[in-house]
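Try each one yourself before you read its solution.

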Amino acid sequence: MSLYDQGYTVEAAPLMRNLLGHAYAMNWLADSGEPAVVALTDYWNEHRRKLAQNVNETWNLPEPASTPSAEPIPFANPESEQIHRRLVGELKNFDTMVKAYGTADVYPVYRRQSAYSHTTGATADAFLIMDGNTLKFTTEPKGGAADTTAERLWIPVALLQAAAAISPLLMGDPMKPTIDRAMGDLGLPASLLNLRRTRPLL
């Protein structure tokens, strides 16, 4: 919010993407339980193996970077393996995750923010103006404060979704009174917090 207040709209967009993605991931983790923890660990180990491979191929280190074990996970049955593969797929692809929760309309918001996280025309265009046949540069992104209204509204939604997913796991559900009060103050419908899987794991 501070970045938006100072006019750093383009710089704030990648952080909004992270907020949105992590809010869903926290709900996904709380909702899916131990299989989600196994899927998260497996996916993270894959990242670490690829990083170690990149380092060992390109850096001249005294000792090669160690890599996590690549041994297959011993699943109890084919159903457990199927659930694992589906959970890993949801973790790898945010579009797949939001569809699993019946909220496919959230993905365009995430995708729009992603355009500012990568080297796309979105980040360049924000500072370019065509004046006739002359290309000019600005020191502040085009649009101004009026363009940040939608982004600002998503900040409390993402934070409240994350809190609503985690608070029930803590003794006494300590964040619930604050969540309820914030929802009332902002006039937000309770349905925003009720992220429920609509696509079964099996």
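Predicted model: local features only at pLDDT ≥ 70, side-chain atom pairs only at ≥ 80, totals over all residues.

**Exercise 1.** Find which residue of E2 is the bridge partner of Asp 131, and describe how the two strands pair.

*Solution.* Step one: E1 covers residues 128–131 and E2 covers residues 134–137. Step two: the strands run in the antiparallel sense and are joined over four bridges. Step three: Asp 131 has Thr 134 of E2 as its bridge partner. Step four: two residues remain between the strands of this hairpin, and Gly 132 takes a positive phi near 70 degrees.

**Exercise 2.** Work out how the axes of H2 and H8 are oriented to each other, and say which residues make the contact.

*Solution.* Step one: locate H2 at residues 9–32 and H8 at residues 149–166. Step two: the helices pack at an angle of about 20 degrees, and their axes are 8 Å apart. Step three: angles under 35 degrees count as roughly parallel, so H2 is roughly parallel to H8. Step four: the crossing of H2 past H8 is left-handed. Step five: H2 contributes residues including Met 16, Leu 20, Tyr 24 and Ala 30, while those of H8 include Glu 151, Trp 154, Ala 158 and Ile 166. Step six: sorted by class, the contact of H2 with H8 holds 14 nonpolar, two polar and one charged residues.

**Exercise 3.** Count the aromatic pairs in the whole structure, then name the residues of the aromatic cluster that includes Tyr 24.

*Solution.* Step one: searching the whole structure gives three aromatic pairs. Step two: Tyr 24 forms one aromatic cluster with Phe 94, Tyr 107 and Tyr 110. Step three: link this back to the previous exercise, where Tyr 24 is one of the H2 residues in the contact with H8.

Note on methods. Residues numbered from 1 in each chain as written. Heavy atoms only, no water. Axes fitted to C-alpha atoms, helices over the stretch in contact; angles between N-to-C directions. Parallel < 35°, antiparallel > 145°, perpendicular 65-115°, else oblique. Left-handed = near helix turned anticlockwise from the far one by under 90°. Contact = heavy atoms within 4.5 Å. Nonpolar A, V, L, I, M, F, W, Y, C, P; charged D, E, K, R; others polar. Phe/Tyr/Trp six-rings, centres within 6.5 Å; stacked < 30°, edge-to-face > 60°. Pairing = 2+ DSSP bridges.
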